[in-house]
Amino acid sequence: MNFRYFMPVNTYFGQDCIQKNKDVLRSFGKKAMIVTGRSSARKNGALQDITQALDAIGTAWVLFDEIGENPDVETIIRAAKQAKQEDVCFLIGIGGGSPMDATKAISVLTANPDADAEILFTDAQAKALPVVEIPTTAGTGSEVTQYAILTQHEKRTKGGIAQPVFASVSFLDAKYMAALAPHITNNTAVDAMSHLVESYLTTHSNAISEKIVEMGLAYWKECIPALKAREYSAQIREKLMLASTIGGVAIAQTSTSLPHLLGYFLTYEKHIPHGRANGMVMQAYLELFGEEHEKVQRVLSILGLKSIAEMGHLMHTLLDCTETFTEEDISYYTKRAMENEAKLATFPLYPLTEEKIQEVYRKSLL
Ligand code: NAP
Ligand code: FE
């Protein structure tokens, strides 16, 4: 057995955890940039909690609140320009994966003021300013992963930055999700489940990551009735956040696998939200392993599902899918997916051919 386990994020979980632990922010310097989406951080109270905490400890702050979904490199460049002008010492991301990932990329460009934005994809050693993350969706686990996924228009897809940027501190308070809309709650919950499942089944899984996944899946299972009913108590919100963060800890060790690769083209070309895109290909992905595969059996059994088809049914129940696709769409996505040899190689059973990938897309989309 050979593996590495690394999880350096100082993680605070629980109600009012920002207010209770604000002193931890003192060590990062005199001025922060807070990075958010356009409105949710204001409405759900997270922005107010962090600004009150910073004011209380005498740390100055500026706000960049223009991060859209699936942030692109152009937005990162604009934010970094402001961060450099303001001479900030650290960054605080609030939101779903989009603002949290953006914060990591902005921290790299701000720490390298003379460099071109290209370094995001070319210089894995480039340093970053300290990052604090506050998730307000329960899906991506970005608060505990080293990844930041950006839209690259010239490549017509999404890709991770080259630098591993772990948050120094994360604050996880499920109260920020109290008014999160059912469709975003379910889409993001499916992203968390997808992280757990992909981490379990990839070639990169190891003894520790597998046990972590089993724990995360058990929490996720307890949320299934609420996800189906689209009604979420405070306790369920906490469990969803726990499952999401555990999924993040798992993929921080193993990375993701095929559903993420296949889903990126659905998101870029059809604007399908990230978690839902993973869910749409989940059944066909599991069918590549087959019903009898030991680890697939274990996933299904922890989730209380009898078969892969039941997983597919669950995805249909939880996600609202209305898009239609053509054979041309599928040929294009397949061609693009085949370009990513490293991700394809995370499938453990046999080399994936173009026909196999096309079959997964066909089963999922037609
Ligand atoms: P998101 O794109 O961050 O946010 C989706 C929507 O939810 C936005 O409209 C946002 O509004 C709203 N929202 C967020 N929190 C809310 C709250 N508490 N109450 C009400 N509305 C809220 O969605 P996401 O699924 O969390 O993140 C997706 C991104 O994460 C993708 O780019 C994906 O590739 C990436 N990702 C990263 C990792 C990783 O390891 N780093 C893993 C998986 C996925 P505002 O815009 O107003 O905030
Ligand atoms: Fe994801």
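Are Y333 and Y361 buried or exposed? Both Y333 and Y361 are buried, where buried means under 20% relative accessible area, exposed over 50%, and partly exposed in between (1.4 Å probe, protein chains only).

A word on the model: it is predicted, local features need pLDDT of at least 70, side-chain atom pairs count only at pLDDT 80 or more, and totals for chains, interfaces and linings use all residues. Residues are numbered from 1 along each chain as its sequence is written, chains are lettered from A and ligands numbered from 1 in the order in which they are written, and side-chain values use heavy atoms, leaving out hydrogens and water.

**Exercise 1.** Work out how the rings of F6 and F166 are arranged.

*Solution.* Start with the rule: rings of Phe, Tyr and Trp (its six-membered ring) pair if their centres lie within 6.5 Å; planes under 30 degrees apart count as stacked, over 60 as edge-to-face and the rest as tilted. The structure holds 9 aromatic pairs. In one of them, the centres of F6 and F166 are 5.6 Å apart and the planes stand at 80 degrees, so this pair is edge-to-face. Next, look at burial: F166 is buried at 16% relative accessible area, while F6, at 37%, is partly exposed.

**Exercise 2.** Classify the pair of Y333 and Y361.

*Solution.* The centres are 5.5 Å apart, with 55 degrees between the planes, and the pair is tilted.

**Exercise 3.** Which residue lies over the face of F6?

*Solution.* R4 does, at 4.6 Å from the ring centre. A charge sits over a ring if NZ of Lys or CZ of Arg is within 6 Å of the ring centre and within 35 degrees of the ring normal.
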